[in-house]
Amino acid sequence: MKKELHIFFTALMFFTRIPCPKWVNHDPQYLRLSSKYFPLVGSIVGGIGALVFYGSSYVFSVEISVLLSILATIYTTGAFHEDGFADVCDGFGGGWTKDKILLIMKDSRLGTYGTIGLLLIISIKFAALREIETHYIPLVLISGHSLSRFIATTLIFTHPYVRDTEDSKAKPAAKSMTVKMIIISGVFGMAPLFFFKNPWIFLSIVPMYLSKMFLGRKFRKWIGGQTGDCAGAVQQLSEVVFYLTFITLWKYIW
């Protein structure tokens, strides 16, 4: 139990800015096993966004509350996944060879493709959440963050890690994912969906996974696999797909 707690806190420390016990660090041994807890960390991040939205809605408009909830999740993670998404936009937008794409993705500077990508994806998040019934937004936030991180872990499971630099902090987490770990990740990822009390919500997994397959195909074609940035891009895209799918289900099926 203590070991599992250590592994969970390792995941929490790696993917968020939430304070963790002093005995937790980025030990590669624990980081390698932490992937199964990514969706649980997502539930926590989404929960923070949900609380901010719920509290803000008593004072501000829905629009401002949604923006504050998005800001809260970005602040909590230190824009970890947004940074990965932007790097992928820059790398695959400006690179035409594997080495060039990986070099651009490693560059900490934000380029044109990354800037446009971030502006668009955050705008879609805001517009989609604004369109959802207000009382559903907190649960949608938690579910979107949780399930999208499960989808990201499936990329780690199906695609090999391709960056060969040993100084990458994400390498241990992005390099190993067993069947048992992916099952545990799936349980944590899908758990919030049961609170909707409507089985139709599970249909959202299909387009989310298809979005992962779309990006995964590009990753395999151009760089032969995935990196931590690629997993971040999958998380961001599948989160948006979840919000859009929820709107579609609500309008035509629910």
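Begin by selecting helix H1 (residues 2–15), where 14 residues at 1.5 Å a residue should span 20 Å, and the end C-alpha atoms are 20 Å apart, which agrees; the expected span is 1.5 Å times one less than the number of residues. Helices here are DSSP runs (H or I, at least four residues), numbered from the N terminus. This is a predicted model, in which local features need pLDDT of at least 70 and side-chain atom pairs count only at pLDDT 80 or more, while totals for chains, interfaces and linings use all residues. Residues are numbered from 1 along each chain as its sequence is written, and side-chain values use heavy atoms, with hydrogens and water left out.

Staying with H1, show the side chains of His6, Ile7, Phe8, Phe9, Thr10, Ala11, Leu12, Phe14 and Phe15, which are its buried residues; buried means under 20% relative accessible area, with a 1.4 Å probe and protein chains only.

Next, select Ile70, which lies in helix H4 (residues 62–77). With a relative accessible area of 7%, Ile70 is buried. Leaving aside residues up to four places away in sequence, Ile70 touches Ile122, Lys125, Phe126 and Leu129, where contact means heavy atoms within 4.5 Å. A distance drawn from Ile70 to Ala50, C-alpha to C-alpha, comes to 9.3 Å, although the two are 20 residues apart in sequence.

Move on to helix H5 (residues 80–94) and helix H6 (residues 98–106), which pack at an angle of about 150° with their axes 8 Å apart; axes are lines fitted to C-alpha atoms over the stretch in contact, and angles run from 0 to 180 degrees between N-to-C directions. H5 and H6 are therefore roughly antiparallel to each other, a term that applies to angles over 145 degrees. To see the contact itself, select Asp87, Val88, Asp90, Gly91, Phe92 and Gly94 in H5, which meet Ile101, Ile104 and Met105 in H6. By class, this contact has five nonpolar, two polar and two charged residues, with Gly counted among the polar ones, Val, Ile, Met and Phe as nonpolar and Asp as charged.

Finally, go to Gly144 in helix H8 (residues 137–158), which counts as buried at 0% relative accessibility.

Methods
Helix = DSSP H or I, 4+ residues; strand = E, 2+ residues; numbered from the N terminus. Parallel < 35°, antiparallel > 145°, perpendicular 65-115°, else oblique. Buried < 20%, exposed > 50% of the residue type's maximum accessible area, 1.4 Å probe, protein only.
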